[in-house]
Amino acid sequence: MKKMFKKFFLKIQVAVSLTLSAALLTPGIQVSAAGTKTVELTAVGDDLIHSPIYKACKTKQGYNFDSLFKHIKKDIQASDISVINQETILVDKRYSGYPSFGSPKALADAIAKAGFNVVTHATNHTLDRGTGAVAGTLKYWNRKHPNIKVLGIHKNKNASNKITVVKKNGIEIAMLNYTYGLNGYRLPYGKSYMVDLLTSKNKSKIKKDIKTAKKKSDFVIVFAHWGTEYRYSPDASQKKWTNFFLNSGVDVLIGTHPHVLEPYKMLKGKNGRKMLVYYSLGNFVSSQNRVPRLLGGMAKITIAKDSKGTYVKKYTMEPLVTHIGKNRKSYTVYKLNDYTDTLAKQNYIRRISPHEAFSVKSLKRLYRKATGRKA
C-alpha cells in the first residue's frame, strides 16, 4: 500500500514540475519564480500628419511612412503592447493637412509594420472628413490589419458597447479611449456611437464602460484626448477628469492632444487606490513650427500580476525628438538619448524657428521644464 502511495505522489510531482516548466518555456508567457506575470506596455503621442509629412513620404508607388518609425521600432517591437495615438483620420484620396486632416491609408501599414498593436483614434480631428472617412478607416484596419486593436471609433452601436480587452502573458487589460470634442463637428443623429466622447453629457456612459471593463479584466487603462494645446501642465478639465477616473478605479490614464509634454506621476485616491497618469505624451511626429512641439514622450510601463493583484510595477518616459530634414523633404523620430548635436544642427526647425534654441542640451532642459524630471 505504501509503495502505491509513493508512486502516486511521485507522478503528481512530475506532472506539476512539467506543467511549470512548460509555462516558463512557452514563448510570450512571463512567469517569475514567485509566480509573478508581467506585461511591458509602450505608448507614444500624436501621430500628427501635416501636409509636408505625407508629401515627404510620397514614392513612385504611392506612399511609404516607414521612415517615421525607423529609429524607434526596436522599442515598439520589444514591448508586449505598443500604442500610438493616430491623430488624423485615413482617407483614399484628397489628402489634406491642417486644419481638416485626411491621411493616406498607407500610414496604417507603416504603423503595423513598426510593431504597434493598439491604435487610439478618438481625437478632435476624427470627424474632419466626415463619418464616411471614419467608417472607411475602420474598414481598412479590420481588412488589412485585423490583429491591431482600434480604440475610440466604432462601426455600430453594438461595437461601441463592447469593451476591448487585450490578453498578454496571462494578464487581461481593458482599454478605453475618449476625446474631449470634435472641433465643432457633430455626429449625425443616430450615429453618436461612432466616436467615444469625454464630455459631461457622456459621463454616465463612461462610468458604465469603466465598471464593465473592471469586471472583464485585471487592469484598466484609459486613453484621454484632452487638455489645452501648448500648455505644459494639466488644466482644470484634465484635473477634474483625472479625479473622476481615479475614483472610478482606473489603473492607468494616458493623455494626448496638447502637442507638448506634460508631467506624469502616480496618484493615490482617498480609498488608497493608485492610478498612474501621463497628462500628455506630446506629439509623436508633426510638422509644427515651434521647438517644444518636436519634443514628445514614449511612456514605458511594466504591469505585474501576482497573488496580491495586478498593478504598475515600474514606469518611466523616454523623450523623443522629431527630426525634420532640409526643406521638409524628410521626417523621422529619434529617442533623445540617440540624438546628437550634429543631427540637431541639421534639423530644419532651425530655419523654421531660428529664434529658438535647439540642441540636445536645450531639449533636455525643455524636458525637465515640462515633466519636472531629468531626461
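Arginine 273 counts as partly exposed, at 25% relative accessibility; the classes are buried (under 20% relative accessible area), exposed (over 50%) and partly exposed (in between), taken with a 1.4 Å probe on protein chains only. The structure is a predicted model, in which local features need pLDDT of at least 70 and side-chain atom pairs count only at pLDDT 80 or more, while totals for chains, interfaces and linings use all residues. Residues are numbered from 1 along each chain as its sequence is written, and side-chain values use heavy atoms, with hydrogens and water left out.

**Salt bridges**

- The count comes to 11 salt bridges, each being a side-chain nitrogen of Lys or Arg within 4 Å of a carboxyl oxygen of Asp or Glu.
- Aspartate 251 is the salt-bridge partner of arginine 273, with the closest N and O atoms 2.9 Å apart.
- This pair links distant parts of the chain, 22 residues apart: aspartate 251 lies in the loop between helix H8 (236-248) and strand S12 (252-256), and arginine 273 in the loop between strand S13 (264-268) and strand S14 (274-278). Helices (H or I, at least four residues) and strands (E, at least two) are DSSP runs, numbered from the N terminus.
- Aspartate 251 counts as buried, at 10% relative accessibility.
- One network, joined by salt bridges that share partners, contains Asp75, Lys300, Glu318 and Lys335.
- Aspartate 109 and lysine 144 form a salt bridge through their side chains, at 3.8 Å from N to O. This pair also links distant parts of the chain, with aspartate 109 in helix H4 (residues 106-114) and lysine 144 in helix H5 (residues 130-144), 35 residues apart.
- Aspartate 109 is partly exposed at 25% relative accessibility, and lysine 144 is partly exposed at 38%.
- A salt bridge also joins lysine 167 to glutamate 172, where the closest N and O atoms are 3.7 Å apart. Lysine 167 is exposed, with a relative accessible area of 61%, whereas glutamate 172 is partly exposed at 27%.

**Nonpolar cores and buried positions**

- The largest nonpolar core has 86 residues, and those with the most contacts inside it are Phe69, Met175, Ile221, Ile254 and Tyr339. Such a core is a set of buried Ala, Val, Leu, Ile, Met, Phe, Trp, Tyr and Cys residues joined through side-chain atoms within 4.5 Å.
- Another core, of 23 residues, lies apart from the largest one and includes Ile163, Leu176, Ala213 and Leu246.
- Beyond its neighbours within four places in sequence, isoleucine 221 is in contact (heavy atoms within 4.5 Å) with residues including Leu41, Met175, Val252, Ile254 and Ile303.
- Alanine 304 belongs to strand S16 (residues 295-306) and is buried, with a relative accessible area of 0%.
- Residues up to four places away in sequence aside, alanine 304 touches Thr36, Lys37, Thr38, Ile171, Gly309, Thr310, Tyr311 and Lys313.

**Helix H8**

- The 13 residues of H8 should span 18 Å at 1.5 Å a residue, and the end C-alpha atoms are 18 Å apart, which agrees; the expected span is 1.5 Å times one less than the number of residues.
- At the N-terminal end, aspartate 235 caps H8, a side-chain oxygen lying 3.1 Å from the backbone nitrogen of serine 237.
- Glycine 249 follows H8 and has a positive phi, near 95 degrees.
- The buried residues of H8 are Gln238, Trp241, Thr242, Phe244, Phe245, Leu246 and Ser248. Their cover includes helix H7 (203-216), strand S11 (219-225), S12, S13 and S14.

Notes:
A polar contact is a pair of N or O atoms within 3.5 Å; within protein, one must be able to donate a hydrogen and the other to accept it, and residues adjacent in sequence count only if both atoms are side-chain atoms.
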